[in-house]
Amino acid sequence: MTGTYSITNFTTYDRTMMHKHFVYLLLFVFFSLTARAETAAPHIVEPESELTLNQALNLAITYNPELSAYLADINAKQGLALQASLLPNPQLQASASNFGNSKFKGFDGKVITLGLSQLIELGGKRPARSKAAQLDQQLAIRRYENKRLTLMAQTAEAFIRLLAAQKNVELQQNLLKLSKNVAHIADVQVRVGNVSPLQATKARISLSSAQIALRQAQRQLQNSRKQLAVFWGNSSPHFSLATGRLEQIQALPELSTLLKQLDNNLDLKQSLTEINKRRANIDVEKSKAIPDVTLNISGNNYVNRDDYNINAGFSIELPVFDRNQGNIQSATHGLAQANAQYSATLARIQTELKNSYQALNTAWQELHILKDDVIPNAEQAFKSAQKGYQVGEFNFLTVLDAQRTLFRVKSQYLNALTAYHLNSIRIEKLLGHQLESRTNNLPGSL
């Protein structure tokens, strides 16, 4: 029997079932969306207005996904360390003989055999294995600490560049303001007939250049904001202003004092942990050269005679050909490699410290020269040129040259401040200092 249905011919029962299925579909969609929301990326709580360095560092540490991967590696190594400390499991053997043949009688009849064996590790295998696994976990912790400090240094450097970009926008805004003032003075001088229209044209050209420079600085500022926020996984930063004082610096310590503080360098600590792990690997391989003993105990139950016997014994491997000499040799060379890498790491960080210190010292000296001598003189020269131009003592080229000189030396001062703080951060990372200690006012943090 066959039949056809159309939508208009649904019975009441069919419509009820359709409604139920529709409700089930809505519930399925709802719970699917809820599950997706729960597994989505964590909500980033970012300040809406001002952002300090400490806040930026906390955001990077909390939400950086790469740092979370290093934490997962530590947990994985913890599981391996637990596994390495466990004793080998005993083995149970069971067998039955002659159950398919009734011709065998007595001791040749049906036999049930139960046995138990236990591997006894000799040569300190388990302690050596456990120590190597613990050092492997410690190495994972070192890698996490190193990554964390690197992340903090990169975040702090991006924060410094953002502060410098904000200052550069302010500088270009001041330049634009002065350019407008100079252009106005030039227009007035042209109207009263003191100078030719060519000087007003030059002033407007200078004004247009200042407007272009300001737009470029504003674009760089937006890029700097995004480059900072990427460290906590935010492609659209919410904060509007980074707060900090680039101008606050402090005297430099001696280079010899800093070189003595390299013991806290995380790269060196990681290299030392690697050396200890390679030594533990040698102990593991040497322990494997000593053969283990397997103890056996078993019993036979003779079903037809209602009798039994107990057997005991042991087995041991004879190290005639394989004494694990190849693995021992490989582990020994691995230790030599780790020692060489430590020496290379030490030489590298000493060189990096000296180079960063030299750059820091250069920035320090440049800052004092610019602040105490060059900038005050440039400001005075520009004011004098402006006044002299208004009374006809100087031509317009003198005013433009004084203006360019003033803002060139102010840009040099901003670049020197940026270099000072960037190299301070690099030295802190080399010394293993915690960057949270830097205050929101960004003083020199050595």
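Author: Happy to! Let's begin with a term: two strands count as paired if DSSP finds at least two bridges between them. Strands (E, at least two residues) and helices (H or I, at least four) are themselves DSSP runs, numbered from the N terminus. What you see is a predicted model, in which local features need pLDDT of at least 70 and side-chain atom pairs count only at pLDDT 80 or more, while totals for chains, interfaces and linings use all residues. Residues are numbered from 1 along each chain as its sequence is written, and side-chain values use heavy atoms, with hydrogens and water left out.

Now to the pairing itself. S2 and S3 run antiparallel and are joined by seven bridges; within this pair, Ser-95 has Thr-113 in S3 as its bridge partner. On to the next pair: strand S3 (residues 111-120) is linked to strand S5 (residues 293-302) by 10 bridges, again antiparallel, and here Gln-118 stands opposite Leu-295 in S5. In general, strands of a sheet pair through backbone hydrogen bonds, either parallel or antiparallel.

Step back, and these pairs belong to an open sheet of four strands, in the order S2-S3-S5-S6, with antiparallel pairing. Strand S2 (91-97) and strand S6 (307-316) are the edge strands, each pairing on one side only. On average, neighbouring strands of this sheet are turned by 15° against each other, direction ignored. Axes here are lines fitted to C-alpha atoms, for helices over the stretch in contact, and angles run from 0 to 180 degrees between N-to-C directions.

How many of the seven residues of S2 are buried? The number is zero, so S2 lies largely in the open. Buried means under 20% relative accessible area, exposed means over 50%, and partly exposed is in between (1.4 Å probe, protein chains only).

For a contrast, look at Val-284 in helix H7 (residues 266-288). Val-284 counts as buried because its relative accessibility is 13%. Leaving aside neighbours within four places in sequence, Val-284 is in contact (heavy atoms within 4.5 Å) with Ala-128, Arg-129 and Ala-132.

Next, the helices. Helix H4 (residues 125-191) and helix H8 (residues 325-390) have axes that come within 10 Å and cross at roughly 20°. That makes H4 roughly parallel to H8, a label for angles under 35 degrees; over 145 is roughly antiparallel, 65 to 115 roughly perpendicular and the rest oblique. Among the H4 residues at this meeting are Leu-178 and Ile-185, and those of H8 include Phe-382 and Tyr-389. The contact of H4 with H8 divides into six nonpolar, four polar and no charged residues. Here Ala, Val, Leu, Ile, Met, Phe, Trp, Tyr, Cys and Pro count as nonpolar, Asp, Glu, Lys and Arg as charged, and the others, Gly among them, as polar.

Finally, helix H5 (residues 197-229) packs with helix H9 (residues 396-431) at an angle of about 15°, with their axes 10 Å apart. H5 and H9 are therefore roughly parallel to each other. Gln-199, Lys-202, Ala-203 and Ser-206 in H5 meet Phe-396, Leu-397, Leu-400 and Gln-403 in H9, and this contact divides into four nonpolar, three polar and one charged.
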